[in-house]
Amino acid sequence: MPLEFELCPGRLIGGDHPCFIIAEIGQNHQGDLEIAKRMIRVAKECGADCAKFQKSELEHKFNKRALERPYTSKHSWGETYGEHKRHLEFSHDQYRELQRYAKEIGIFFTASGMDEMAVEFLHELDVPFFKVGSGDTNNFPYLEKTAKKGRPMVISSGMQSMSTMQQVYQLVKPINPNFCFLQCTSAYPLEPEDVNLRVIAAYRSAFPDIPVGYSGHETGIAVSIAAVAMGAKVLERHITLDKTWKGSDHQASLEANELAELVRSIRMVEKAMGSPIKRLLPCEVACNEKLGKSVVAKVRIPEGTVLTLDMLTVKVGEPKGYLPEDIFNLVGKKVKINIGEDETVTEDAIENHVKKVKC
């Protein structure tokens, strides 16, 4: 049984608990606080469990030359990469306002801390859990300091190897046991052949005492539904209000109708996973009564006859009799009454019948 832990107050993940669905707003808010609030509400209305952002303290995430680098992409919000990122970065007070708004409408709120100082701020903000973006998964000093904060952690694994993830596990586990890994491929949008959902099974095998999830950047919802069917206990997908907006993440994001359908489909799949015990279900009884087959006499069988296989066949019979899977057990048994051709072979027709108990 995979480890279960409380990711958010009152919300357990792992085991048989429902998949925790994170609506990743990231920086798809275009630097506009009101758009960000609309996106939080969309996440709530579509049934997601959590609205998540990305928080950076830019001088701690990038060096000076990186911030001064010219940025001429069609997605740019400034002449340099620093200007672009500053346009998209909310202040501490704006984060507090967004957190209040999320609490007001009833959805969990957190962010990826994209550098150590951002983690310090999010810890002060009292977010329920830390999300570690793929770019910091092999940043071991960052991981160690984040784990020591004592909050649950969700760790993406884009751009990493299994060897690195084993090192991450060995680093984090002794400090903070409440964490999970997300299979992730860092490409936007992500092509199906690069998703590698089988890594979910590999993680479940390699790390059996932590939950495993999936962070997807593909288009559509089919792959994410499959990830849940394969055992993902946390699912993260980017969301947007408009895929045509400026920004490299929008194309790999879900609009409201897609997010709502994803949530509905995941909850349906979770119900459909059901029990591993195979048995006749109550909902099948009507079909079984109407079409379930029985052993039937192929020929007239006089009283005292010892049955052979060529005397018997299988048909939908009235009344019900021996089940088809019992036909071989009837061979060699003696009948104690006459059985007419095409009549059902019933229990009271067989000498020394022992009633079979079905489990």
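Modeller: Two residues are in contact when heavy atoms of theirs lie within 4.5 Å. The model is predicted, so local features need pLDDT of at least 70 and side-chain atom pairs count only at pLDDT 80 or more, while totals for chains, interfaces and linings use all residues. Residues are numbered from 1 along each chain as its sequence is written, and side-chain values use heavy atoms, with hydrogens and water left out.

Biologist: What share of the contacts with a separation of 6 or more joins residues 24 or more positions apart?

Modeller: Take the contacts in the protein chain whose separation is 6 or more. Residues 24 or more positions apart account for a share of 65%.

Biologist: How many helices and strands does the protein chain have?

Modeller: Both are DSSP runs, numbered from the N terminus: helices are H or I with at least four residues, strands E with at least two. In the protein chain the count is 13 helices and 12 strands.

Biologist: What is the radius of gyration of the protein chain?

Modeller: The C-alpha trace spans about 100 × 45 × 40 Å along its principal axes. The radius of gyration is taken over C-alpha atoms, and the globule rule is 2.2 Å times the number of residues to the power 0.38. A compact globule of 359 residues would have a radius near 21 Å, but the protein chain has 30 Å.

Biologist: Is alanine 260 buried or exposed?

Modeller: Alanine 260 lies in helix α11, residues 256-273. Buried means under 20% relative accessible area, exposed over 50%, and partly exposed in between, with a 1.4 Å probe and protein chains only. Because its relative accessibility is 15%, alanine 260 counts as buried.

Biologist: Which strand holds glutamine 54?

Modeller: Glutamine 54 has 16% relative accessibility, so this residue counts as buried. Glutamine 54 itself is found in residues 50-55, strand β4.

Biologist: Which helices do the buried residues of α4 pack against?

Modeller: In helix α4, residues 81-88, the buried residues are Tyr81, Gly82, His84, Lys85 and Leu88. They cover an arc of only 160° around the axis, taken from the directions from the axis to the C-beta atoms, which puts them on the same side of α4. These buried residues pack against α2 (58-61) and α3 (64-68).

Biologist: What percentage of the residues in the protein chain is buried?

Modeller: The protein chain has 359 residues. Buried residues make up 48%.
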